[in-house]
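I opened this entry to keep track of what I looked up, in the order I looked it up. The structure goes in first, then my notes.

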Amino acid sequence: MSKKVLVVDDNKNNIRLFVDILEEEGYTVFTAENGLTVLELTYIVQPDVILLDIMMPEMDGFKVCEQLKRDNETQDIPVIMITAKRDSNDLHKAFELGAFDYIKKPINEIELLARLKSALKVKEYLDLLKAMATTDGLTGLYNHSLLLELLKKELLKQERNNQKIAFVMIDIDRFKTVNDTYGHTAGDIVLKELAKIIRKNVRASDIVGRYGGEEFSIILSDTELNDAVNLCERMRLEVQNHEFILFDKSVHITLSMGIFFKTPQNTIALGDIIKNADQALYTAKNNGRNRVEVYRADEIILNS
Ligand code: GH3
Ligand code: MG
């Protein structure tokens, strides 16, 4: 896919020059003629690199760069400052603010493309590192630490919007037997396939992660308890009936699930949400496995 470059310059002729050079090289180019809209545009466009003029009226490149580097969503996008300035204090300032590189005007095409390429390479590695740090290598789902991070964010969002949220803990029943009978590699195939089944059953906006080992979690945002229970039941049945093919052998597994349902009035701490979902899961195991249980402060409601 073609890389996206956002060019910010108050001079139309400069913009035209950048667009001509970059499009010729196959980049997709977006432009802004002042600093004020850069942050907003960056959210929408999600550029791979930003070429940022320093001297602009209203809001100069330093301020824009500062703003981009302060924001979680935009801080990893490399910013290349474009400057007519000769003062090394300005360059020092640009780097202090988090700029990746700078290019002096007048623009030299070869230099521009070379520096752009090097910024994109770094961005590629950064993205890869980030993906590795937040994704579970086996299943491709969010890993434990990102899952907790996202739960924290989701709780704040639900609080702001006065919405209900469900946290589901899923555990494979007697998974040790699968490993012992068919081998660890076969067990891994089950985990991968199960991850796909879970992902397929939830909405795009729901968050699915591998909590650890053979445990998965789902954060169902803006949901009713009934919908959460129905979803889990549907998934439980689908998995129960699913044929996992492990090296030519047909294998069936079942799931136990614990749901913690949070209303906006409930100000429970994040750790207790997990603890309570885990408690409901424990009850599901105790009550015979292959079932869904919902946690309530004073009682555990049986659902299957
Ligand atoms: P229960 O119904 O009580 O949950 O029984 P169980 O056998 O699933 O539970 P137990 O905690 O005794 O065993 C979990 C098993 O999950 C043991 C471990 O080898 C396996 N497991 C955890 N992570 C992985 C993994 O990444 N790959 C494979 N293949 N197995 C894993
Ligand atoms: Mg298990």
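My notes below go from the whole chain to the two ligands.

**Entry 1: the chain.** I note at the start that this is a predicted model. I looked up how the chain is divided and found domain 1 at residues 4–133 and domain 2 at residues 144–302. Taken over C-alpha atoms, the centres of domain 1 and domain 2 are 42 Å apart.

**Entry 2: the UniProt record.** I checked which features UniProt lists. Its unreviewed entry gives "domain: Response regulatory" for residues 4–120. I computed that this span, residues 4–120, is 44% helix and 21% strand, with its end C-alpha atoms 10 Å apart. For residues 163–297 I have 44% helix and 29% strand, and 19 Å between the end C-alpha atoms.

**Entry 3: the magnesium ion.** Which residues coordinate ligand 2, the magnesium ion? I found D171 through OD, I172 through its O atom and E214 through OE, at 2.0 to 2.2 Å. I wrote the spacing of these donor residues in sequence as D-I-x41-E. I then looked up where two of them sit: D171 is in strand β6, while E214 is in the loop between β7 (207–212) and β8 (215–221), so the pair ties together parts that are 43 residues apart in sequence.

**Entry 4: the shell around ligand 1.** I listed 16 residues around ligand 1, and those that come nearest are R174, F175, D188, R210 and R289. By type, I sorted the shell into nine charged, four polar and three nonpolar residues.

**Entry 5: polar contacts of ligand 1.** I172 turned up again here: a polar backbone atom of I172 is 3.1 Å from an oxygen atom of ligand 1. K176 also uses its backbone, with an N or O atom 2.9 Å from an oxygen atom of the ligand. For N179 I noted a polar side-chain atom, which lies 2.8 Å from a nitrogen atom of ligand 1. I then looked up the area: ligand 1 taken alone exposes 650 Å², and the protein buries 68% of that.

**Entry 6: elements around ligand 1.** Which elements give two or more residues to the shell around ligand 1? I found β6 (165–172), α7 (175–182) and α8 (184–201). The largest share, four residues, comes from α8.

How values were computed. Residues are numbered from 1 along each chain as its sequence is written. Chains are lettered from A and ligands numbered from 1 in the order in which they are written. This is a predicted model: local features need pLDDT of at least 70, side-chain atom pairs count only at pLDDT 80 or more; totals for chains, interfaces and linings use all residues. Side-chain values use heavy atoms; hydrogens and water are left out. A residue is near a molecule or strand if one of its heavy atoms lies within 4 Å of it. A polar contact is a pair of N or O atoms within 3.5 Å; within protein, one must be able to donate a hydrogen and the other to accept it, and residues adjacent in sequence count only if both atoms are side-chain atoms. Accessible areas come from the Shrake-Rupley method with a 1.4 Å probe; for residues, only the protein chains shown count as cover. Ala, Val, Leu, Ile, Met, Phe, Trp, Tyr, Cys and Pro count as nonpolar, Asp, Glu, Lys and Arg as charged, and the others, Gly among them, as polar. Domain bounds come from an automatic or database domain assignment. Donors are N, O and S atoms within 2.8 Å of the metal (3.2 Å for Na, K and Ca); water is not among the atoms, so sites may look incomplete. UniProt positions are given in the numbering used here, feature names are shortened, and annotations may be inferred rather than shown by experiment.
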